[in-house]
Amino acid sequence: MYRKSISAILALGLVLSSGSAYAQVKSAPNEHSAVAFDNKVIKKINADNMYNTIAYLSEQPRAAGTEGEYKAVKYIENQFKSFGLETTIQPFPIYDTQINHVIVKINGTDIKEKPNPFSGSISKQVTAPLVNIGKAFPEEIGDLTGKIALIERGNITFTEKVQNALDKGAVGVLMYNNSSSGNFSGQVQDGQNIPAVAITRATGLQLVEQLKTTEVVATLDVDIEKIEKTSYNVIASLKPNKNKDTGQIVMVGAHHDSVPVGPGANDDASGVSVVLELARILSKTPVDTEIRFVTFGAEERGLLGSYYYANSLSKDEVPRIQAHFQMDMVGSKDAGGDNPFGGFIMYTLDGKKNLVTDLGAAAAVRIRSENISYGQVGRSDHQPFHELGIPSAVFTHAPLEAAYHKPTDTLDKISKEKLQQVAEVIGASVYQIARPDTPALVNATVAQELVDYSFENRPID
Ligand code: BES
Ligand code: ZN
């Protein structure tokens with residue numbers, strides 16, 4: 001209900017606007033103008049604070065479930081607390097697989113290469129006759145009860161191949177590559193509880209030949225352990241003034257985890273640094289809307305933290321959330337190519353505009369006279385919020401830099417100007433919702449102007 005009212009107000013703004021591409025408020029900025037409200041936030045932004053946060057966070061990788069992540073989590077928690085925000089750490093489980101051993105024997109002798117398991121956690125040893133079932137299309141498979149299936153990779157997924165063999169009674173799968181470039185890793189589904197091992201094409205074809213003339217007995221001995229680890233979300237809440245509480249919530253997020261190999265200065269210590277800087281500033285600014293600042297864990301493992309958080313929201317909280325602003329990789333000198341405004345772009349999951357992109361585009365025009373376009377990308381923590389029906393977008397600079405997911409994603413590639421630019425646009429957009437006189441359009445002292453901004457099919461990498 002709340003959400004509808006804000007969109008309706010924005011739509012009204014469009015109808016009432018002069019029709020020019022960048023309808024700006026024509027009256028000189030006074031203390032009630034949108035620009036004056038922007039200034040309450042953006043004049044306080046300090047790019048050095050953000051740079052220093054990135055310097056600290058990028059001292060070591062912060063892969064989910066590691067010491068590095070936990071250190072970052074405690075740092076972020078302390079920062080939020082130092083701003084006087086109600087802060088909680090939300091733990092959640094993640095699972096690693098540890099390969100203890102994988103042995104493949106043919107007629108009792110170890111094969112002469114290193115096999116690669118692709119089953120999930122399993123500890124099993126099977127010895128059984130090997131049967132060649134080609135690519136494991138169901139119509140081509142006979143009874144496999146008590147047999148190990150020899151399968152060629154390709155055409156259908158690993159999961160489908162293993163399932164087709166399982167359905168016919170197979171006790172193991174030995175899959176050889178469809179190209180000559182080594183073996184491969186992959187994954188099957190939980191519950192497909194037979195050893196499944198990948199070998200090279202050369203060894204596979206040799207077995208195919210052998211099976212034409214003789215019986216072959218294979219042994220698959222696989223021990224893969226599932227190890228539970230803990231990752232965390234950090235959630236800080238800025239409560240509105242009790243006498244002026246709209247009951248609404250606006251969210252600002254980033255992910256604090258990195259990939260294991262890199263210090264993740266830009267991915268995504270940069271996003272965290274903007275979240276913290278806006279939390280610092282807004283925590284001293286009266287608001288009529290709750291602002292929730294969140295840093296997610298295990299984004300790099302498949303958006304695990306944001307999905308966990310989204311699933312933990314109560315039924316009555318979800319409709320109160322007006323918007324989710326996600327920042328992912330917002331400080332690279334080298335990202336953005338030759339695109340205007342340093343390549344700054346907003347991506348939504350469905351490639352459609354929403355309240356978040358409307359506010360972002362309008363803020364960029366007001367503050368910097370720059371146009372931000374929008375495109376369609378998932379791949380970050382705006383996704384679970386979109387799926388809950390919450391207007392959301394991820395802000396970044398595209399195309400991404402060459403250091404993306406590499407050990408070279410380091411502090412020296414960070415641009416204070418890019419951090420400043422993103423903090424201004426997001427800070428002004430969030431404040432547009434949360435400032436105490438909103439919905440500003442209703443009061444109409446100065447309307448939130450909608451601007452024209454367009455879809456751009458710009459890939460991120
Ligand atoms: N920061 C990256 C890529 C990115 C940048 C996504 C800007 C969206 C906007 C992100 O952390 C990432 O690497 N995501 C993964 C997907 C995820 C589901 C594991 C990817 O893109 O491979
Ligand atoms: Zn990222």
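Tutor: Axes are lines fitted to C-alpha atoms, for helices over the stretch in contact, and angles run from 0 to 180 degrees between N-to-C directions. Helices are DSSP runs (H or I, at least four residues), numbered from the N terminus. This is a predicted model: local features need pLDDT of at least 70 and side-chain atom pairs pLDDT 80 or more, while totals for chains, interfaces and linings use all residues. Residues are numbered from 1 along each chain as written, chains are lettered from A and ligands numbered from 1 in written order, and side-chain values use heavy atoms, without hydrogens and water.

Student: At what angle do the axes of α2 and α11 cross?

Tutor: The axes of α2 (residues 34–42) and α11 cross at roughly 125 degrees and come within 9 Å. Helix α2 is therefore oblique to α11, since angles under 35 degrees count as roughly parallel, over 145 as roughly antiparallel, 65 to 115 as roughly perpendicular and the rest as oblique.

Student: How do α3 and α11 pack?

Tutor: Helix α3 (residues 47–57) packs on α11 (residues 416–434) at about 115 degrees, with axes 9 Å apart. Helix α3 is therefore roughly perpendicular to α11.

Student: Which residues of ligand 1's surroundings are closest?

Tutor: A residue is near a molecule if one of its heavy atoms lies within 4 Å of it. Ligand 1 is surrounded by 16 residues, the closest being Glu 299, Asp 328, Arg 379, Tyr 404 and His 405.

Student: Which atom of ligand 1 lies 3.1 Å from a polar side-chain atom of Asp 267?

Tutor: A nitrogen atom of ligand 1 does. Oxygen atoms of ligand 1 lie 2.7 Å from a side-chain N or O atom of Glu 299 and 2.4 Å from one of Arg 379.

Conventions
Helix = DSSP H or I, 4+ residues; strand = E, 2+ residues; numbered from the N terminus. Polar contact = N/O pair within 3.5 Å; in protein donor to acceptor, adjacent residues only side chain to side chain.
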